[in-house]
Amino acid sequence: AQRRRLPPMAARSTGRSEPTLLKRRGRALRSNTVGERGVCLLLLLGVTALASSALMSRILPHVLAWRRASACLPTDSSRPGAAPCPPEASHPTLDVVSVAAKPTCVTRLAVAALNQYVGPRRIVFVSSNDAACARLSSFASNVECVPEDDLIPGVTKAAVDAELARLYGGGGTAGGNYMGRSNGGWYLQQLVKLGAARYLRGLSETFLVWDPDMIPLWPVRVFGDVASAANGGKRRAFRQIGGYVIRAYESSYAKLVPGERIQYAPDGSSYVTHQMVMEKAYVEELLGAFGEAWERRLSMESAVKASAAAAHGAHGARGAIGAKDPRPRVDPGGELDGGDDDDVDVDDGDDTGGWRDADDFVRRRRRRIAMFEAWPEDRDVRRGGGGKRAEPRRAGSFERVGGLPDGDSPGAHPSGDSPGAISSGAAVRLTVNAAPRPMPAWASAVLASLPEDSLALGFSEYAAYASWVATRHPESVEVAPTRTWSRHPFGPLIGSLGVRAQRMANRDGLCCPGPAAVRAMKLLGYQYAGFEIGHVGSCGLDLPRHRDSYGL
């Protein structure tokens with residue numbers, strides 16, 4: 001008998017053909033896919049809404065605060081007859097120290113912004129000459145100024161240039177330029193910032209060093225929230241982070257403070273943030289350490305000199321013309337570089353070997369005479385004397401009544417006669433470097449510590465001070481958790497293009513920041529931002545027509 005053929009299972013169970021069943025299943029699968037997509041879309045919309053809410057909760061208040069705060073900007077005070085904006089911060093016992101080669105429109109804006117967002121007692125500029133000081137002092141009633149050659153005895157632009165030439169050669173890069181500035185001027189301004197703690201009369205115990213091309217945009221945080229018992233109960237200095245890391249600074253600091261290294265921020269950036277809160281006492285410690293490094297150098301050189309003289313007397317033939325100089329060379333750290341015959345030759349880029357200041361330094365040391373530790377009138381004030389300044393707006397001049405103050409005067413007698421020839425009650429301006437003076441030991445040590453292969457960027461006053469404090473007084477500082485400033489107007493991604501854009505927007509072709517630029521910079525939320533027109537060649541800061549000032 002013929003076997004009966006069974007139908008397909010699907011057909012038997014449903015009574016429908018196989019294609020019909022597949023179509024039905026396909027529709028079911030499509031409906032499930034659409035449902036899954038819908039759920040994913042809803043989840044995405046939810047996440048987007050949450051993210052937007054979170055962003056708006058942060059951005060919207062900032063934008064609203066920016067609008068309110070932009071009602072009066074530092075640029076508004078530069079208009080003719082306009083009053084300065086009311087201060088948004090106040091530090092009535094704090095002085096600001098700044099070094100400006102000449103007055104510029106950026107410096108004027110920085111002064112207005114400092115008074116609005118820092119509120120210091122006074123702003124003291126160190127500038128190139130009296131004319132520059134007069135212009136800078138006109139920017140605000142609390143601005144004072146001293147010419148750069150009148151602040152630190154023995155430290156002038158010419159003296160720094162000559163020392164660099166002596167140490168590293170006048171025909172080389174010692175007298176060169178880097179990004180529009182000379183090496184001598186670069187190191188002079190760093191010496192001035194550190195030396196202000198010792199030589200600037202009446203400076204507050206805690207002071208703020210500020211680069212004049214940095215513009216405050218919001219109230220600048222100067223102090224932390226917690227006081228430091230180890231620092232006399234003072235509030236901790238607020239230390240910014242986020243500076244560029246320049247390894248050449250490590251070499252000079254290791255020579256100046258043997259056995260120690262440059263300290264960096266917790267995020268690996270540097271403390272070279274173009275402003276820094278400093279303590280006079282800590283700067284004094286740092287300068288003392290530099291001076292000790294120089295004294296070690298001179299002591300070593302004096303011993304070498306005596307040994308060489310004895311060897312010269314015992315072997316007269318070595319004194320003949322063409323004989324090799326037997327004197328080893330020494331660096332501030334006390335290392336000997338014995339020359340070609342020494343198997344352990346120290347090649348650290350600091351083979352200077354001069355003894356120009358040794359005799360004078362040792363003589364002063366033995367007599368226990370401090371090398372111009374303070375201004376004479378300050379010593380007189382501590383005795384109970386003193387008087388008013390002859391020029392209240394000039395930080396480096398003072399009034400002398402009834403002859404010379406006690407102790408060494410910081411300059412030649414103005415009349416050229418004896419002290420008794422000065423009439424009683426005469427107000428006399430003394431110029432500390434009217435007569436040649438030896439460079440202080442700490443300044444000589446700084447200039448002698450520079451690496452020869454990186455003279456343009458061989459030392460940083462900010463990195464040195466921050467490293468000293470981080471090692472010895474860490475309890476006196478509160479370090480910022482994140483970077484709250486920018487060296488460039490519109491952030492590091494745009495860089496100096498913001499300065500170039502401002503120049504193209506200005507009708508006069510100058511790189512002076514206007515209200516729109518300041519508002520845009522302020523919107524980014526940085527506490528302060530740089531407007532470095534000296535680093536943009538097209539701004540023409542160094543052109544002859546801008547020799548005395550720029551954009552004023």
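Reader: At the start of α12, which residue has its backbone nitrogen approached by a side-chain oxygen of Ser460?

Author: This is a predicted model, in which local features need pLDDT of at least 70, side-chain atom pairs count only at pLDDT 80 or more, and totals for chains, interfaces and linings use all residues. Residues are numbered from 1 along each chain as its sequence is written, and side-chain values use heavy atoms, with hydrogens and water left out. Helices (H or I, at least four residues) and strands (E, at least two) are DSSP runs numbered from the N terminus. At the start of α12, the side-chain oxygen of Ser460 comes to within 3.3 Å of the backbone nitrogen of Tyr462.

Reader: How many of the 12 residues of α12 are buried?

Author: Buried means under 20% relative accessible area, exposed over 50%, and partly exposed in between (1.4 Å probe, protein chains only). The buried residues of α12 include Glu461, Tyr465, Trp468 and Val469. The helix is mostly covered, and its number of buried residues is nine.

Reader: Is His473 buried or exposed?

Author: His473 belongs to the loop between α12 (461-472) and β13 (477-479). Contact means heavy atoms within 4.5 Å; with neighbours within four places in sequence set aside, His473 is in contact with Tyr282, Glu285 and Trp468. Because its relative accessible area is 14%, His473 counts as buried.

Reader: Which residue forms a side-chain polar contact of 3.2 Å with His488?

Author: His488 is situated in the loop between β14 (485-486) and α13 (497-505), and is buried because its relative accessibility is 16%. Apart from residues up to four places away in sequence, the residues touched by His488 include Gly495, Ser496, Ala529 and Gly530. A polar contact is a pair of N or O atoms within 3.5 Å; within protein, one must be able to donate a hydrogen and the other to accept it, and residues adjacent in sequence count only if both atoms are side-chain atoms. The side chain joined to His488 in this way, at 3.2 Å, is that of Tyr244.

Reader: What distance separates the C-alpha atoms of Tyr526 and Thr484?

Author: Tyr526 occupies the loop between α14 (515-523) and β15 (528-530), and counts as buried because its relative accessible area is 15%. Beyond its neighbours within four places in sequence, Tyr526 is in contact with several residues, among them Leu217, Trp218, Arg483 and Thr484. Tyr526 and Thr484 are 42 residues apart along the chain, yet their C-alpha atoms are separated by 5.4 Å.

Reader: What is the phi of His274?

Author: His274 sits in the loop between α7 (248-256) and β10 (275-279). Its relative accessible area of 11% is why His274 counts as buried. Phi of this non-glycine residue is positive, near 65°.

Reader: How far apart are the axes of α5 and α6 where these helices pack?

Author: Lys157, Val160, Asp161 and Leu164 in α5 meet residues of α6 that include Asn183, Tyr187 and Leu191. Axes are lines fitted to C-alpha atoms, for helices over the stretch in contact, and angles run from 0 to 180 degrees between N-to-C directions. Helix α5 (residues 157-168) packs on helix α6 (residues 183-199) at an angle of about 120°, and the separation of their axes is 9 Å.
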